[in-house]
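Please open the model in your viewer and keep the selection tool at hand.

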Amino acid sequence: MTIADGIWHQVFSFDHYGELLALVRNSLIAGAALGLVGGLAGVFVIMRDLPFAVHGISELSFAGASAALLLGTNIVAGSITGSLLAAGVIGVLGTRARDRNSVIGIIMPFGLGLGVLFLALYKGRAANKFGLLTGQIVAVDTPQMAWLLSTSVVVVIALAVIWRPLAFASADPDVAEARGVPVRGLSIAFMLVLGLAVALSVQIVGALLVLSLVTTPAAAAARVTASPVLLPVLSVLFATASIEGGILLALGSSIPISPYVTTISFGIYVVCRLTGRYGTGRRGARRRTVPQPA
């Protein structure tokens, strides 16, 4: 076997695939829930220009999960605690974009440093340490599944309650505030909801690449539609396709799940970007060829 064949076999191997598929049943269910949560939250991440905030929250989520791993407690609970702490700080202190980016720039290295410290103190399996950063395909056991699904329900319900005023405040905050919409309160509420969404995504994709699930699908959807109905639908579909496809491809390999998820997500974005550009070009050409009235 050549080196290339060996690498290919590591990346894509479907030996005993049917037997392995039973091991990721929980992960597939969790992936569907995360696709829904990440896709919906991602719409407002794009509208409010918050990708940097997602990354900052994920670092504190990583620190919380690492602390839980060290203490032997529930990792999902630790991840959620860290995410909510970061989201609350960013939401309260970062009302303006410049202030928000400064706060995130301070939180990110602090959270990453704490996470590294806790993992250095942890003497358990190395796979558990690595999985917090890059994701684990079979990491979701039954207790974690209950946490993931119940928290996903909370996120979806919260987004459903605040969706319309949040969309108004995201599109035109000055006009929304003038009409009595609680812009600041909605901003803080959404940051907390985003914190929950990020904490859930970290469990599958890992802290380093969570943007591929919370940001990229919505950015791809925004390239092909501006419809307030179709945009979240496509975002959820793209996020779900990325996570479920990543799980199924990673199942037969020795590679962590995150490269597969990020590759699928990026591929969808590239296709949407090219499709959107082609559609815009055709519409522009059509307008130029329409005769103007004298």
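## First stop: an exposed loop residue

Select Asp 49, which counts as exposed because its relative accessibility is 58%, above the 50% cut-off for that class. Asp 49 is located in the loop between H3 and helix H4 (51–71). If the viewer displays backbone angles, inspect phi of Asp 49: the value is near 55°, which is positive although the residue is not glycine.

## The whole chain

Now select the entire protein chain. The model is a predicted one. Colour the chain by confidence: the average pLDDT is 82, and 80% of the residues score at least 70. Where is confidence lowest, and where is it highest? The lowest mean, 57, belongs to helix H1 (residues 3–11), while helix H12 (residues 216–224) has the highest, at 94.

Next, display the chain as a cartoon. The secondary structure consists of 14 helices and zero strands.

The chain exposes about 14400 Å², of which carbon and sulfur atoms supply 69%. Of its 294 residues, 47% count as buried. Contacts between residues with a separation of 6 or more can also be considered: 77% of them join residues 24 or more positions apart.

## The aromatic cluster

How many aromatic pairs does a search of the whole structure find? The search finds two. Select Phe 44 and Trp 163, which form an edge-to-face pair, with 4.6 Å centre to centre and 70° between the planes. This pair links distant parts of the chain, for Phe 44 is in helix H3 (residues 25–47) and Trp 163 is in helix H8 (residues 142–171), 119 residues apart.

Is Phe 44 buried or exposed? Phe 44 counts as buried because its relative accessibility is 0%. Trp 163, at 21%, counts as partly exposed, because the buried class requires a value under 20%.

Phe 44 and Phe 190 form an edge-to-face pair, with 5.7 Å centre to centre and 65° between the planes. This pair also links distant parts of the chain: Phe 44 in helix H3 and Phe 190 in helix H10, 146 residues apart. Phe 190 counts as buried, at 0% relative accessibility. Through these ring pairs, Phe 44, Trp 163 and Phe 190 are linked into a cluster.

Centre the view on Ile 57. Not counting residues up to four places away in sequence, Ile 57 touches Ser 83, Ala 86, Ala 87, Ile 90, Met 191, Leu 194, Gly 195 and Val 198.

## Leu 192 on helix H10

Select Leu 192, which lies in helix H10 (residues 183–205). Leu 192 is partly exposed because its relative accessible area is 33%, a value between the cut-offs of 20% and 50%. Leaving aside neighbours within four places in sequence, Leu 192 is in contact with Leu 84, Ala 87 and Gly 88.

## Last stop: Thr 225

Finally, select Thr 225, in the loop between H12 and helix H13 (230–250). Thr 225 is buried because its relative accessible area is 13%, which is under 20%. What does its side chain reach? The side chain of Thr 225 reaches the backbone nitrogen of Ser 227 at 3.0 Å. Apart from neighbours within four places in sequence, Thr 225 is in contact with Leu 230, Leu 231 and Leu 234.

How values were computed:
Residues numbered from 1 in each chain as written. Heavy atoms only, no water. pLDDT = per-residue confidence, 0-100. Helix = DSSP H or I, 4+ residues; strand = E, 2+ residues; numbered from the N terminus. Buried < 20%, exposed > 50% of the residue type's maximum accessible area, 1.4 Å probe, protein only. Contact = heavy atoms within 4.5 Å. Phe/Tyr/Trp six-rings, centres within 6.5 Å; stacked < 30°, edge-to-face > 60°. Areas by Shrake-Rupley, 256 points an atom, 1.4 Å probe, with all protein chains shown as cover. Polar contact = N/O pair within 3.5 Å; in protein donor to acceptor, adjacent residues only side chain to side chain.
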